[in-house]
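Hi,

Here is the structure I promised to pass on.

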Amino acid sequence: MANLKDIQRQIKSVTNTQKTTRAMKLVSTAKLRRAEELAKRSRLYAAKMNQVIAEIAGRIKCNRIGGIENRCFIEIENPKIVDIVFVTADKGLCGGFNIQTIKAVKKLIAEYKEKNTKVRLRGIGKKGIEFFKYNEVELFDEVTNLSSRPDKVRSDEFVMSSIEDYKDGKIDGLHIVYNGYKNMITQELHINNVLPVDTTDFECDEIRDSMLEVEAQDEEHMLDSLVSRYVKYAMYYALIDSVAAEHSARMQAMDTATNNAKEMVKSLNVEYNKARQAAITTELIEIISGVESMK
């Protein structure tokens with residue numbers, strides 16, 4: 001009979017877990033709808049921002065003898081110091097969402113180590129920060145409660161020091177690594193080389209045929225102003241895209257956990273019924289044996 005009580009206790013425990021995971025799935029589904037809509041609108045703005053800044057830079061590069069002089073657009077062959085900003089979640093229970101980003105960061109660090117390039121690691125999100133601290137990897141800067149609740153002001157403040165250091169020549173590159181939203185069931189890893197800005201995809205013929213009109217004397221000033229806006233928004237968009245992907249991953253993880261709990265309850269019920277049947281059969285045999293011994 002004690003065995004039956006143990007099974008009943010397990011069934012109750014798994015059923016409670018199932019209720020919790022189902023509730024978490026519903027919460028993530030509701031949050032995902034809002035985050036997905038924001039990510040879609042932000043993606044369009046980010047694409048236009050990239051197009052404008054690359055177009056102005058391409059115009060200067062193609063029309064000016066000697067090309068563009070702004071450091072933010074000059075490829076540095078042997079970087080000495082680079083910043084890597086990674087974005088992970090503040091909470092777990094979202095499958096392999098965080099570990100994919102962490103693996104990408106570790107690989108990027110290893111690649112720069114082979115080139116004798118120093119990496120300044122800057123972390124956003126509790127899970128990634130805890131991982132690297134546990135593995136005794138030095139963090140240059142860190143912030144929590146930003147990846148779960150993206151805030152433009154805090155995002156700008158966090159990335160601004162990297163922008164200023166790049167313009168001052170203290171670092172030679174800036175990368176943003178995060179797991180982004182692709183659709184309801186898929187997340188997409190992004191390793192964005194934010195600085196220097198890449199303009200190699202723009203041909204001079206395309207630039208000359210462009211509808212964008214900028215006064216020659218304003219080009220450099222506008223370009224310098226746009227660089228800061230471009231990097232800041234790239235950081236903010238990474239946070240928006242990441243939080244949508246996080247809710248998507250958690251929704252899937254909780255759905256899988258709920259289904260697994262359901263299957264476990266079924267299995268435990270079968271085990272309980274078998275044990276109960278065996279106990280009843282044993283009691284009947286004992287009763288019949290007692291009756292027979294009295295004859």
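Helix α4 (152–167) lies across β1, β2, β3, β4 and β5, where contact means heavy atoms within 4.5 Å. Against β2 the helix runs at about 170°; axes are lines fitted to C-alpha atoms, for helices over the stretch in contact, and angles run from 0 to 180 degrees between N-to-C directions. Helices (H or I, at least four residues) and strands (E, at least two) are DSSP runs, numbered from the N terminus.

Before you go further: this is a predicted model, so local features need pLDDT of at least 70 and side-chain atom pairs count only at pLDDT 80 or more, while totals for chains, interfaces and linings use all residues. Residues are numbered from 1 along each chain as its sequence is written, and side-chain values use heavy atoms, with hydrogens and water left out.

Now the sheet. It is open, has five strands in the order β3-β2-β1-β4-β5, and its pairing is mixed; two strands pair if DSSP finds at least two bridges between them. β3 (141–143) and β5 are at the edges with a single partner strand each, so one side of each has no neighbour in the sheet. On average, neighbouring strands are turned by 20° against each other, direction ignored.

Two of the pairings:
- β1 and β2 (residues 118–124) run parallel over seven bridges, and V82 stands opposite V119 in β2.
- β4 and β5 are antiparallel over nine bridges, with N183 opposite T186 in β5. A hairpin through two residues joins β4 to β5.

On to the packing. The largest nonpolar core has 46 residues, and I53, I124, L195, V231 and M235 have the most contacts inside it. (A nonpolar core is a set of buried Ala, Val, Leu, Ile, Met, Phe, Trp, Tyr and Cys residues joined through side-chain atoms within 4.5 Å; buried means under 20% relative accessible area, exposed over 50%, partly exposed in between, with a 1.4 Å probe and protein chains only.) The elements giving two or more residues to this core are α1 (2–63), β1 (81–87), α4, β4 (174–183), β5 (186–195) and α6 (219–294). The largest share, 17 residues, comes from α6. I53 touches F73, V197, L223, L226, V227 and Y230, leaving aside residues up to four places away in sequence. There is also a second, separate core of 13 residues, with A104, L121, I129 and F132 among them.

What about the aromatics? A search of the whole structure turns up four aromatic pairs. Rings of Phe, Tyr and Trp (its six-membered ring) pair if their centres lie within 6.5 Å; planes under 30 degrees apart count as stacked, over 60 as edge-to-face and the rest as tilted. F86 and F132 have ring centres 5.2 Å apart and planes at 45°, so this pair is tilted. It links distant parts of the chain, with F86 in strand β1 and F132 in helix α3 (residues 126–134), 46 residues apart. F131 and F132 have ring centres 5.3 Å apart and planes at 90°, so they count as edge-to-face. F132 is buried, with a relative accessible area of 1%, whereas F131 is partly exposed at 25%. Ring pairs also link Y45, Y233 and Y236 into a cluster.

Last, the charges over rings (NZ of Lys or CZ of Arg within 6 Å of the ring centre and within 35 degrees of the ring normal). The charged end of R120 sits over the ring of F140, 4.1 Å from its centre, and that of K115 over the ring of Y112, 5.5 Å from its centre.

Cheers
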